Each structure stands twice: as C-alpha cells, then as structure tokens.
Amino acid sequence: MDVRGSLEQLETAARILMAPPDIVSKDERFAAETMIINFRKMRNAFVLCKYILENSQTELVIFETADVLRNNLMQDWNKLPDEDIKTLNQHILNILLGNTEFSYAMKRRLAGVIALIVKHQSLTNGAIGKQRTELVSHIVGTALNTTGNHLVLACCMLDALLAEHQYVVNAEDASLTYEMHFAAKRDFENSDLLRIFQFCLQFLTTHEHSPMKQRDLDHVLKVLEIILCWNFTKQNLPKRVAGVIEMEAMPTFKPPSSWLDTINDSAFMPIFFNIHVKVRHDDNFVLRTVNLLAQLVSMHRPVLMNRENRVEFLSKILPPFTTLLNLPDKLSMEIYGLSDLIRKILLFNRAALLSLVETQTLENFFQAIGIFSCYVIQQAAIEESKSGVDDRLYRDSLTRVLEAWMNILTDTENFPKQIVQPIVTDIFNCYLKAHLSPPEGFRQLVATADESEEDEESDTNQFRDQLQAVGVFGRFILPHSVPIITQLLIFKCQALQKQIEIVASQAAPRESLEPIYEDIHWGILMAGHILAFDGLGETNLVPSEIHDYSIAADKDPDLSAAAFEKSFQMVNVEENVDPIVRLVSCVIILSETERRVNASGLGYLLSPELASNVLWFLHRFCESYFVISEEYYTNVSPSFLAAWGPLSQVTKISQTFLLQRVKEDLIRYNGEVTVMRDAINLLLSLVDSNKKAELAIHSTELPAIVEIANGVGPGKYQMPNEAYRKLVRAVISVGSFCEEQSRREQYWDQVLVPLAARFQNLSGLISTEKHRDDIRMEISCVLSGFIGAAMSSHSKTATPLFKRIGPVVTECGAILATYHNYVDIVELCIELVIELAKRSLSYLSSGDSVTLYHSAMSVVKSYSSHARGRVSNEKTAEEDTFNDLVTLMDMLTCLLSKDFLDLSPESISGNNTPPSVSASDVSLLGLGTVLPLMNADLLQFPSLSNKYFRLVAFLSELHADKMMVLPPPMLQAVYESVEIGLRNGAADPFASCCEFVSCMAIHISRHSQQSVQTSEYCKPFLKIFLEMILSQRVSKESIPSISTVLFALITAFPDAYSELVNQLLSSRSSEESRNKLSLAFSKLTENLNIQNGGDRLSRSAFRDRLETFIFSAKGCLE
C-alpha cells in the first residue's frame, strides 16, 4: 500500500470538503466525499493509520483516522499482537501530549481510541481493570496541580474512559459480549469512578475561592455531568430491562455505599453551592451548575441506605440551598432550575423524613421556598401580561414549584402542619392576587393579543396543572380559602350588577366590565378546583377534606338546604349556613344574575366567557356533589345530604333550575361553541347516573331540551355537528339510565322517532332534490344525531338502541353512494358505523352483528365505487381523500373488536354459531378497497400510514388463515405496500410491517404451507431483512422487531434461508472473510428450535445473538 499517496489523497479530499462551495465543483466535492467514505470502510488499515497520525496535521483526516482505528480495533482485536497494541496506544498518547493546537473534539476522538484499547486490555489480560486503574491514577495524579492544556487533556481522557464504560446493553462496541461489558463497567464503578469524582471535587475545592479559567471549569464540569448522570449497574436485572433503564436521559444519582465517606464529608455539598454562586452570573455555566445540584439532591439508595444517613444528608443540603434561595438578585436563567431543585428535594425526601430534620433548619427552608414561590407567582403574572412571548419561563417554573408542594400537602399525616400552614396561606393569597385586578390584586393589564394568540387554548387547559395544585393548596387551608373565595365572588357579583347599570346608562364604557369579568373568571376557576378533583374518566368524588371541613363547621343542614334553594331566587346566603353550600350558592346567584341581565335586555353587555365559567363550575359541582351517593364515603356531611342528596326535595328543585339554565344557554348562545359545549357538559353531568336520570325524566324542563334537540337543523336551530352529537348523547343517556324498559322506550320515542321521521323524509326525496344545500345540511344533521345516539350506548342498552339505529345504518351505503362528492357526509356515514362498532358491537346478538356487518360492507362497496372518481372543486381534495381513508380504516379496525371480545348473549350462554358474515370479511373487503389507493405518496402521511399498517397487522394477527386465501393479486399488493412501509423507515409503521410479516410467516410455518402459491409473496422478505441487516440499515430500536420477523421467516423458509446464506458466502472473494461470515451465520441459529414457528426460548436467544451477528457481519463485509 502506498501510504504516502493515500495520505496525500485524503488531505486533498479534506481540503475540498472544507473549502467554500464557490471554490470547488460539485464533482470534486462528490469525489472527495467518496474518498472519505471509502476510507471509513477500510479494513486492516493500521499501517496507514499509524502513518497518518505520524505525518498529518489536517484535523479532518486525523479525526476520520481515529474512527477508522477504532472500528479496526473492534473488528480485529484478537488478531493484533499485544506489542503492536501497546505501541499504538503509546503513539496516540504521545500525539495528544505533543500537539497542543488540536481542538478539543480532535483530542476527544483520539482519547476514545485509547479508552477502547484500555477497556479491551483490562478484560483480556487476566487482571481485570489493572491497566485502566493505572492510567486513571496517572491522569488524576498529574492533573490535580495543573491547568490549561494539561488539565484539558486529563479531562478529555477521563471523559473518554467514562463514555467507554457508561453503557452495557447499548454499548457501541459490539465485539464484546454483554457479560464482558457488564464486568468492565462494574469493575470501573468499584475502582475508578469514585477516584475520578474525588479528583473533580478536589479541583473545585482548590479553586472555590480563587480565580478560575472558564475553559478549565468547563472541562471539569463535563466530567462531573457524566458522573452525576451515571446509571450504576444492578445485579440480576434482565438484559432488556437494563437496556431501557440505561437509556434514561436524567437518571437519579444512586452511587454505592462505598461512596458514603465522600458524601458525608462536611465540605461536600457546600462546594457545589459555592461554585454555583460563583458562576451564576455567567450564562455559560449557570444552567449547568443548577443541573448538577438537581442531580445531587436526587441522591438516594444504596449510598443513603438508612434513615440516619438520609437525614444527615438533608441537614447538609437544606442550609446552603436556603441561602441560595434567599439571594436577593434572582436570575431568570436559574429560576426554572431552582424550581426543579425544590421539586426533587421534596420528591425524593418524603414528609416523614423531612420532619426529622432539625426544626429551625426545616422552618428556614420552607420559609425560603414560600418566598421563592411568591416571587415566581409575581413574575409569572408580569410574564402573562406580555404578548408574543414564546418561552413562558416563569409559567413553567411556577407549575414546577407548585408541583413540588404537592409532595408535602398530600402527606400531612407525617408532617407538622403548623410549619407550612402560614406559608401555604401566603402562597394561596399571592396566587389569588396575581389574578385579580387592582386594588384587590396586582394582575397586569394584558397587552393586545394578535390573531394567533386569540386562538390559544382556554385557561382551564393552559393552567390545568397550576389550578389543580392551587386546589390542593385551598383544601389544605379550607378555613381560609373557602371564606375568601366566597367573599370574592359575592363582592364581584355585586360589583358586576352595579357596573352593568352604569354602563347601560352610558356613564362608563363597556370595557370597564372586563376587569370584573376576569376577576370572576379566576375566582370561579379556583373555587372549582378547590371543591373537586379532575376525574380524568374516573368517578369524581367529593374530597375527604371537604367533608371533614363541612362536618366540623357543624351548621344546620336544613338551614343550609333552604339557603341553597333560595339562591336560585338570588337571596344572599348568610354566614350561618354550611361554608361549602354557601360557596356553591354564590355561583348560583351569579348564574341567576346573568339570567336576569339577559331577561332585562342587557345581555349584550355580558361576556360569553362568564357564561362558560359558570357552566364549567356547575358541571364540576354536579359531577361530584349533585345527588351525592353515601355508599362511596365513610363520612358524609349532613348539609350535603340535605341540599344535594338523592332524597332531598331541594335536589329536585335545583335540578329543574339547572336544566332550565342549560335550555336557555343553548338558545341564547347559539353562535358560541364554547358556551354550548359547556352547557351540554352540564347536561351530561345532570343525568350521568341512574338516580340523576330518574329525577331528570320527571323534570318539567327536560321536554324543552328534548324539543331543542329535535329542532336542530337547517332553517331551524343552528348547532355545530359535534355539539349536536353530544346533545343527543346527553338526551338519550337519560333514558339509558332508566331501569324500567317501558319508560325508557317511551322516553326514547320522543327523541328517536322524530329523528327517524326526518330520515325517512330524506329517503323519499327525488334525486334532483337531494343535492340541494339545505338537504345536504339536513342529512348531515340527522346522521350526527344518530351518531350521538350510538355514543350513548352501553352494555344494557346496546341491543334496544341498535334496533332503532339499525335501519339508518343499513342505508349508509346508499347515502354514501348519493353524496360521494361531499366529504363531510362520507365521513359521517363511516363514523356512524365506527361508533356502533366501538360501543355496541361486542354486546350485540349474532343477528344484529350480521346486520351491522352487511351495513359496513355496503359502506365499503359504495366508497370503493366512487373513491377513485370522486369529484371535488376544493383545493384540499387530496387532504380530503386522505381523511376519508383514515376514517375508513378506523372503521375496519373497530369492526374486528368482536373477534377478540364477544360479550353477546350467545357467547355468554355458549350457543354461539358462526355468522354468515364476519367482521374479518368486512375488513378484508375494505382492505381490497383501500389497497388500490395506497400508493407510495399517500403512505408518506404519518397518520394514514400508521392506520393502514396497523389494520394490516391486526388482520394478520387475528386472521392469517383468511389472508392466505385472498386473491393472489390482492395479497401481492398487500406485501408490496408492506415493503414500501419497511423502506420508509418510520418507527410505528415499520413495527406494524414487521408484525404483519412475522404473523404470516409463523402461520406458514405452523401449518406447513410453504408450497401454497400465496406463501411465495412472503418468502422475498427473508432477503429484504437480511439485506437490511447486512447493509447496516438497522437502528438499535428496531432490532427487537427485526429479530422477531427474521426468526419467523427462517422457521417458515429454512431452505430459502440456507440458499441465501450460501449465495452470500460464495460472493465473498476472501476466504478469511467467507469463513468468518459462515461462522457468524452458524452461531446465529445454532441449537435453536426452528420447527413450527419455534418456541419462546429460541426466539429470545435469537434476538440476543442477532446483535452480535450484526457486528460480526459488518466486519466481514467491509
């Protein structure tokens, strides 16, 4: 080899690559890139690499040489004499010591080669870790009293050693086994990691109070950052679990017990706090030092195994941290980090442990947190007043610090409440004032929002986490929070009434009402979160603290119930009633004030947000308190039972008033989607149980709401389809909860008979009338209504509801055929089938299921007839097609639910007979419709691609036998689309494609169908996956999926696999390469069961071996 010529060529290529684009041609740049790529693939390049290191000064060439050396060492370590390796190691070390002009990246690359050599030597020379320990001792010993280039080089070497030993399962060096990596890391942790950590501490201690070069501190901090984010090894962890834990970005710091002496050193924690205070004004370091502190305070077992050690550790952390929090010049750069520090201290040290810390230290700590919390609240209020701010630093910090308090406030049994109660009160007051206008609060005037900010989500969503935390704060200090919020709402309600009168008389502009509306808005939000949890799908119960507070108040239940009833007549509630009843009554009075303002003709002065807030609160209240169920609680407040219990007369009266409110708001706020949504949510919460529904069905206001539902449509009462669905769902739900069938059917007739009549009228129209705009709007409305009815279905009502909806869904195919050019109607037809499949299909009898299947098949056939030729004049035609397909594939997937979850009467009784048409028949028919549309361009859309391949994988998992007997052209098209999905490379579609091929291959193997014609479409994937592996197009994350599918393919087509292996071996020109590759293939399947799809142990072993095979094959093919 002409090493000199090769070096000249590489340096020329490097100069071309580093040159500006206007100096070199495209061909020259391409030739230079090819040269570098070929150099990276070189094998047995030690002579050339050594020559380059001795003679080149071009950084890019040396950089690439380090990578080539590293790869060659991993591949050919066992072939190299020990003496050559020692010489190479020493030579690289000399280069590092002698070239002070090299960049840090260059030094780090070369140091990585030394670290690799040291790790291998430590494993193969008998005495594990000896060479590495000697090197670390030398580096630490010489670096302690040095600065500048020598310190940088030392940190560079330590950085490389840490990186080389950081991972076991996900280690880059695949030439070593998992056991070897584990042994090396374990030994490194036991012998050298602590020594490196102590070196960093000594350096920081030395320079704690003296000037320090930024570069020196930067490199020492890099080493510390790696150590404090170190995932320490654990014995007896399964490899897969260890691999997941290993990839955690910011693991908690859990050093072994051997570190205890270092941790217990009195100077240990102050070093880090002092260094942070020293550099906190430097933007390059402040975030890094805060993150180091955050990792330190997360420290726990095994080093802090017993309670005494943990309390001692806390006693050393809290004083310096308290001092840090009390610094007067708080920096915006460190606010979020300090919030996270607070969160971690309170998260990793529970209340019972904190209570053992010396009382004065603990009080100082919590007082500092309280002051800091109030500061962040104030700054967040200023930040919220500014428009166009993308990075809401103080909002995020406030959410973090309030989250931290939850760990204390939810564990008061183990913590002295008197310490934090006044602090919590201050924080609660501060948060309340931050959202009130002057003079009661200090809320800033919000700058005029641009158009984009006007579309932001509501405060209930934006500040959800904060408000939930404030709710916990309020429940912690109920004797303070409930009266103050109650008084606020009373005062603001009176202020609103007076100001409306002033504005109506034109003595003040309408804008003068805005501060009052905003104050009421936040008062209601805080009240709602104090009184109730966010259930997130669970049964919403009254918090136990609320019951205890109400019981302790010991107010007359009858008096409280009477006061609540009078609140609907706007009679102010006196202080001698239950405080919780009084708070809810204040909102009722506010609601009635709004109603009366509207009735007086001044509704134009009201804010729709006020209506939305009131409805939101009443919805939360009704979910938890209204018609309260005693069986859910050990203690129930007598006042709650008197005012809102199922047997209370006040409950019936108040439900009527609330239903009246729903009715009026649906009419009054016709164009306000948010208000309509909240009104319907309130309606749902008023009828969401048997007891509530029984009361509602006798209410005089319910027929009016039913009439509204029946009146929605073009030329009548206008409502968005989404809102109309929810309204019908709520109205139908009243009947769904009725136990008596005759009453239920009679009630449903009021809603579904008119809806069915409207549908029949549409069906009887002649074809020329059907395409009128008003008719299309009517059909959309009617279909939305039936979708809402389907959404109300559950196990007890699935069959009776389907009897009423069934005649409509059977016509969906014909409707789709008529309106195939109108995307909204196409999607509604499909969505009706989806809702029935989701909520009813599993409970339907065989006959009803077949009816739904036939209806779905009709929809699929109609869609198929018109999908390719559908005409649209809209610019979004392609997007519409895409949305149609997604909805259609949702339908096909939902229909398959019956195949694995059948709760029909026949299935339960055991008299189930196979239906004439099954869900899989519909899904396969739909697949045939979808396939012609699934071109490579459409499969680039992520959501469409995910849905399609999920459907295909689902079908293969449940019905591989039916997939095998599909018409050959159709099955071939499926496989071709799967090949496209594999080549696109997106994670979710790739996994689904692998699952499809795996299921099909396992079916072929277990049923010995290799000779079946359709099996031939699966066989080529054996070559596809092998080529993927051998060409290094496999990511670490995809190995589990690939190992599963490749093993299944090998078991299905063992002869084809052997033939492919032989072809590959015969293509190798080098006998050494051929023998090595043959050995790698042999080890891959050696002693594994590959008959009939294999077994679990064989599949697991194959996966472990595949990682080693990928590395070995890479070395053979380069």
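## The second largest pocket

In this predicted model, the second largest pocket is lined by 44 residues. Five of them lie nearest its centre: Ala174, Ser175, Glu1107, Thr1108 and Phe1111. The space in this pocket comes to about 1300 Å³.

Several helices supply at least two residues each to the lining of the second largest pocket. They are H4 (59–76), H6 (104–124), H9, H52 (1071–1085) and H53 (1096–1117). H53 gives the most, with nine residues. Sorted by class, the lining of this pocket has 18 nonpolar, 12 polar and 14 charged residues.

## Cavities

The structure also holds five cavities of 30 Å³ or more. The largest cavity has about 150 Å³ of space. It is lined by 13 residues. The closest to its centre are Phe232, Thr233, Lys234, Ala242 and Glu246.

## Aromatic pairs

Across the whole structure there are 34 aromatic pairs. One of them joins Phe197 and Trp259. Their ring centres are 5.1 Å apart. Their planes meet at 35°, so the pair is tilted. Phe197 and Trp259 are both buried.

Phe273 and Phe321 form another pair, with ring centres 6.3 Å apart. Their planes are at 45°, so this pair is tilted. Here too, distant parts of the chain are linked: Phe273 is in helix H13 (residues 268–279), and Phe321 is in helix H15 (residues 307–325). The two residues are 48 residues apart. Are Phe273 and Phe321 buried or exposed? Both are buried. They also belong to a cluster linked by ring pairs. The cluster contains Phe273, Phe321, Phe365, Phe366, Trp405, Phe415 and Phe473.

## Charges over rings

The charged end of Lys222 sits over the ring of Tyr104, 4.2 Å from the ring centre. Lys417 has its charged end over the ring of Phe476. In that case the distance to the ring centre is 4.9 Å.

## A buried threonine

Now look at Thr486, in helix H24 (residues 478–504). Why does Thr486 count as buried? Its relative accessible area is 1%, and buried means under 20%. A polar atom of the Thr486 side chain lies 2.6 Å from the backbone oxygen of Val482.

## The whole protein

How many helices and strands does the protein have? There are 53 helices and zero strands. The C-alpha trace spans about 100 × 80 × 65 Å along its principal axes. The protein has 1118 residues, and buried residues make up 55% of them.

Conventions. Residues are numbered from 1 along each chain as its sequence is written. This is a predicted model: local features need pLDDT of at least 70, side-chain atom pairs count only at pLDDT 80 or more; totals for chains, interfaces and linings use all residues. Side-chain values use heavy atoms; hydrogens and water are left out. Rings of Phe, Tyr and Trp (its six-membered ring) pair if their centres lie within 6.5 Å; planes under 30 degrees apart count as stacked, over 60 as edge-to-face and the rest as tilted. Buried means under 20% relative accessible area, exposed over 50%, partly exposed in between (1.4 Å probe, protein chains only). Helices (H or I, at least four residues) and strands (E, at least two) are DSSP runs, numbered from the N terminus. A charge sits over a ring if NZ of Lys or CZ of Arg is within 6 Å of the ring centre and within 35 degrees of the ring normal. On a 1 Å grid over the protein atoms alone, a cavity is a set of points where a 1.4 Å probe fits but cannot get out, and a pocket is an open set with protein on both sides within 12 Å along at least five of seven lines; lining residues have an atom within 4 Å of a point. Grid points are joined across faces, edges and corners, and a volume is the space filled by probe spheres set on the points. Ala, Val, Leu, Ile, Met, Phe, Trp, Tyr, Cys and Pro count as nonpolar, Asp, Glu, Lys and Arg as charged, and the others, Gly among them, as polar. A polar contact is a pair of N or O atoms within 3.5 Å; within protein, one must be able to donate a hydrogen and the other to accept it, and residues adjacent in sequence count only if both atoms are side-chain atoms.
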